Structures are given as structure tokens and as C-alpha cells.
Amino acid sequence: MLELQDLRDFSITNWYGTFKDITVKTIIVDLPEQLLKTIQKEDIQDSDEDNEIVDDEELPVEFLQDFKNALNVFDNNAFVKNNWHAPVDARMFSFGNYLKVINLDDVITYFTSSSRIQEDFSIVTNIPFCIALRKWISIHPAAEFRCIVINNVLRGITPRDWPTFYAHFKEEGPQIIDELTNFFNDNIKLRFLRKHFVFDVIFQYPDKPYIIDFEPLNSKTNLYAFSWKEIQPLINKDSPDDVAPVFRYLETDIGIITKTDALNMLTRCN
Ligand SMILES: Nc1ncnc2c1ncn2[C@@H]1O[C@H](COP(=O)(O)OP(=O)(O)O)[C@@H](O)[C@H]1O
Ligand SMILES: [Mg+2]
């Protein structure tokens with residue numbers, strides 16, 4: 001669960017305006033109270049598939065219109081998040097596991113079946129909850145990177161698809177480091193509200209990178225190829241501004257391994 005200050009700073013409602021030119025096009029609609037209640041109490045197993053999950057007449061007309069207009073912008077085919085998370089743990093409830101949204105019922109189904117979304121909505125804050133509709137993009141798993149920023153310096157880059165071996169990382173490693181460092185320095189450094197954080201990017205060399213999301217940097221955030229144990233001590237240490245980030249990836253194809261196996265292996269190599 002996120003801390004209150006984290007909830008504020010990492011809500012897409014807070015960062016989207018600043019970074020809209022370098023992230024996925026998004027339209028944010030406030031989640032009305034009535035719909036929040038439906039999402040919180042709906043038991044998906046009980047809902048009759050032939051019927052609409054929610055009776056539109058119960059919802060504010062303005063919300064329904066805003067939602068419809070937003071979905072139209074994306075040709076009725078969007079990706080959805082709340083302020084902080086995507087309902088990725090509800091993938092199996094979507095056609096082809098794509099988590100595509102073609103109507104309001106899809107949002108309700110995904111949000112209701114996702115425990116991370118349910119958890120977010122159970123926190124009482126004065127931050128208004130939202131539905132963030134984003135352009136749906138087909139993402140190659142090898143193109144997803146998580147970047148670790150400490151004291152406003154990019155220190156670590158890890159594939160999000162970890163531990164998986166991708167042969168091209170070795171060859172493209174220097175370009176991946178250069179491009180992501182420039183991208184960070186030119187577009188993100190000192191523009192985000194915090195000095196320690198992670199940001200997720202899509203980057204397929206030689207295309208330009210773009211932001212997917214921001215997350216707090218703490219023990220609960222998955223750092224994939226890095227461990228919290230090695231990152232935490234760097235947080236309170238002065239570091240030179242020009243230090244290059246470490247791009248850590250699996251260098252050999254060793255079949256299916258766990259994250260712990262991979263970390264042990266890397267420790268032995270270092
Ligand atoms: N616009 C999008 N279209 C299609 N898939 C997406 C989109 N945005 C994110 N994804 C996929 O969903 C995953 C989770 O997205 P993300 O925004 O980071 O949510 P979370 O913060 O809950 O992890 C990403 O790793 C990516 O594979
Ligand atoms: Mg995220």
C-alpha cells in the first residue's frame with residue numbers, strides 16, 4: 001500500500017500534465033461515487049452476463065458523456081488504469097488477456113476483479129479517484145524497462161520482463177544506456193516531484209523512448225534485476241552527477257530461472 005504522500009505524487013492525475021508529450025495519450029475521467037460503490041461491492045461471479053453490470057441511469061449523465069467521448073477518442077479500444085495501477089491481475093477476465101476496454105462494463109469488470117485496484121479504492125484519502133483511459137498499444141515485453149532514479153540521477157536500468165534472456169541487449173546495451181540517460185536528463189530530471197523514484201519506459205532502439213508510469217522507490221517496488229538491499233544504501237549517499245547508470249540484464253540463456261537464482265548468479269559475476 002502506498003503512503004499518503006506517495007499517493008499524491010504518483011497519481012497519474014498529478015504527473016500526466018507535465019509529461020504528456022512523452023507518454024501514452026491519456027484521458028482522465030473522475031470516478032463518480034455511485035460507480036465506486038458498485039466497483040467496491042460488485043461480486044463478478046454473481047453478475048448475469050446477459051445484463052449490463054451497472055444501470056446507466058444510476059450514474060451522472062455528465063460522467064457517462066465524458067466516458068463515452070474519451071473512449072471515442074481511442075476508437076472504443078483503450079487501456080485502463082486508476083490513479084496508480086492497471087488491473088493487470090484481472091487480465092484473465094479480458095478477451096485474449098489484452099485488458100482492452102470497449103465499454104464501461106469492461107472497466108467495472110477489470111476494476112472489480114483486480115485486488116490491487118480494490119486495495120487502492122479501499123484507502124480513504126481526499127484524493128479523487130479516477131479512470132484513466134489510455135491509448136492501447138501493443139508492447140513487446142523486451143521493450144519495457146524500469147529506470148531507478150536516486151537523488152535525481154539515473155542509476156539503474158532493468159528490463160521489466162525479468163529474468164528473461166534477450167540476445168539483443170548485449171549488442172544494444174550501450175545505446176540503451178545512452179538513449180535512456182539522455183531521455184531522463186532532457187525530459188524528466190528535476191521535473192518530477194520527487195528526487196528518488198522509478199519510471200517505466202517503452203524503448204525499442206532506435207525509436208524514441210516514452211514514459212509508461214512512475215512508481216515510488218521503496219522496498220515494496222519490484223526492482224527486477226536489482227535488489228532493494230543494494231539500492232537502499234545508495235539513497236543517502238552523495239553521488240557524482242555524471243555517474244552512468246548500470247543496465248543489468250541476463251547475459252546468457254540459462255533456461256527458466258527464478259528471480260533469486262538470477263540475482264545470485266549476478267552477484268557471483270560482479
Ligand atoms: N497503453 C497500454 N496499452 C497496452 N498495454 C499497456 C499499456 N500501458 C501499460 N500496459 C501494460 O500493462 C503493464 C502495467 O502497466 P502500468 O501502467 O505500469 O501499470 P502498473 O503500475 O499497475 O504496473 C505494463 O507493463 C504493460 O505491459
Ligand atoms: Mg506502474
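Reader: What should I know about the numbering and the model?
Author: Residues are numbered from 1 along each chain as its sequence is written, and chains are lettered from A and ligands numbered from 1 in the order in which they are written. In this predicted model local features need pLDDT of at least 70, side-chain atom pairs count only at pLDDT 80 or more, totals for chains, interfaces and linings use all residues, and side-chain values use heavy atoms, with hydrogens and water left out.

Reader: What order do the strands of the open sheet have?
Author: The three strands follow the order 1-3-2 with antiparallel pairing, where strands are DSSP runs of E, at least two residues, helices are runs of H or I, at least four residues, both numbered from the N terminus, and two strands pair if DSSP finds at least two bridges between them. The edge strands, each pairing on one side only, are strand 1 (26-30) and strand 2 (78-81).

Reader: And how many bridges join strand 1 to strand 3?
Author: Five bridges join strand 1 to strand 3 (residues 130-135), and aspartate 30 has cysteine 130 as its bridge partner in strand 3.

Reader: Switching to rings, how many aromatic pairs are there?
Author: The count comes to 21 aromatic pairs, taking rings of Phe, Tyr and Trp (its six-membered ring) with centres within 6.5 Å, and calling planes under 30 degrees apart stacked, over 60 edge-to-face and the rest tilted. Phenylalanine 121 and phenylalanine 129 form a tilted pair, because their planes are at 55 degrees, with ring centres 4.7 Å apart.
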